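Keep the structure open as you read.

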Amino acid sequence: EALWAVREVIRLGYGIGIATASCHTDYVRKFLAEMDPEIFTPQLLFSNAFQSCQKKKTGALKCNLAHYGLLEQPECAVFFDDSISNEKYADEAGIRMIEVRKGVGVTKEKFRQGLDHMLQGCGKPPTLPGSPAAESVLRSNDAGRGCSRELEKRPPGGHTCKEQFRWGKCDELWMKEGHFCDFSCGRCGGQGGNQTALEEEAGEATLQQVYG
């Protein structure tokens with residue numbers, strides 16, 4: 001019933017976000033694309049609506065919210081997950097979590113619970129998929145929120161993207177495949193990421209010269 005639920009979400013005019021702890025990013029993308037290529041398009045799977053390799057899901061969920069412009073309205077989202085231990089991350093992101101059974105996923109009953117929450121808290125979605133307004137929103141999300149310094153995906157380990165850039169890590173395969181630091185590394189389709197990083201490097205070097 002999970003695929004039915006996904007299609008029903010789209011039919012009703014809502015959006016879909018993925019936040020998985022799996023680090024097999026390419027496999028997950030391929031699996032979803034083969035499941036329904038009209039829903040799981042490259043535009044969705046290579047945007048902030050798709051987050052992987054993050055066991056602590058607060059940041060991933062916030063990226064999902066940002067993709068749809070809901071950072072200030074997290075109550076207008078529902079998070080389905082089969083591990084109650086992830087509820088704390090949903091709470092930190094301000095999202096309602098609905099637990100589903102392992103190996104079963106989202107059933108019609110669970111879907112209706114989520115839909116009730118959405119209708120009570122947010123009403124009906126403002127646009128339907130395929131409409132000019134919806135397409136405009138998607139283009140805006142991809143151009144503005146999909147690749148920015150504030151929302152770029154940081155690598156595991158606690159180091160910043162600026163540090164990864166300094167250390168020359170941008171071209172390493174794990175960084176590219178994981179889509180870590182896309183903005184800082186200049187992988188944003190001409191949006192100026194690594195040029196900005198270079199300018200910041202120069203600025204910091206000047207400050208260090210002045211202030212020792």
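## Ground rules

This is a predicted model, so local features need pLDDT of at least 70, side-chain atom pairs count only at pLDDT 80 or more, and totals for chains, interfaces and linings use all residues. Residues are numbered from 1 along each chain as its sequence is written, and side-chain values use heavy atoms, with hydrogens and water left out.

## Helix 6

Let's start with helix 6, residues 108–122. Helices (H or I, at least four residues) and strands (E, at least two) are DSSP runs, numbered from the N terminus. With 15 residues, helix 6 reaches 20 Å from first C-alpha to last, close to the 21 Å expected at 1.5 Å a residue (that is, 1.5 Å times one less than its number of residues).

Its buried residues are F111, G114, H117 and M118; buried means under 20% relative accessible area, exposed over 50%, and partly exposed in between, with a 1.4 Å probe and protein chains only. Seen down the axis of helix 6, these buried residues fall within an arc of 120 degrees, so they line one face of the helix (the arc takes directions from the helix axis to the C-beta atoms). They pack against helix 1 (2–11), strand 3 (78–81) and strand 4 (96–99), while E109 and Q120 are exposed on the other side. Just after helix 6, G123 has a positive phi of about 75 degrees.

## The cores

A nonpolar core here is a set of buried Ala, Val, Leu, Ile, Met, Phe, Trp, Tyr and Cys residues joined through side-chain atoms within 4.5 Å. The largest one has 18 residues, and I16, I18, L32, F40 and F50 have the most contacts inside it. Helix 1, helix 2 (25–35), helix 3 (42–45) and helix 6 each supply at least two residues, with helix 1 giving the largest share, three.

Leaving aside residues up to four places away in sequence, F40 touches V6, I16, I18, L32, A33, M35 and L45; contact means heavy atoms within 4.5 Å.

## Salt bridges

There are five salt bridges, each a side-chain nitrogen of Lys or Arg within 4 Å of a carboxyl oxygen of Asp or Glu. In one of them, R7 and D36 meet at 2.8 Å, N to O. R7 sits in helix 1 and D36 in the loop between helix 2 and helix 3, 29 residues apart. R7 is partly exposed at 43%, whereas D36 is buried at 9%.

Another pairs D82 with K102 at 3.8 Å, N to O. D82 lies in the loop between strand 3 and helix 5 (87–93) and K102 in the loop between strand 4 and helix 6, so the pair ties together parts 20 residues apart in sequence.
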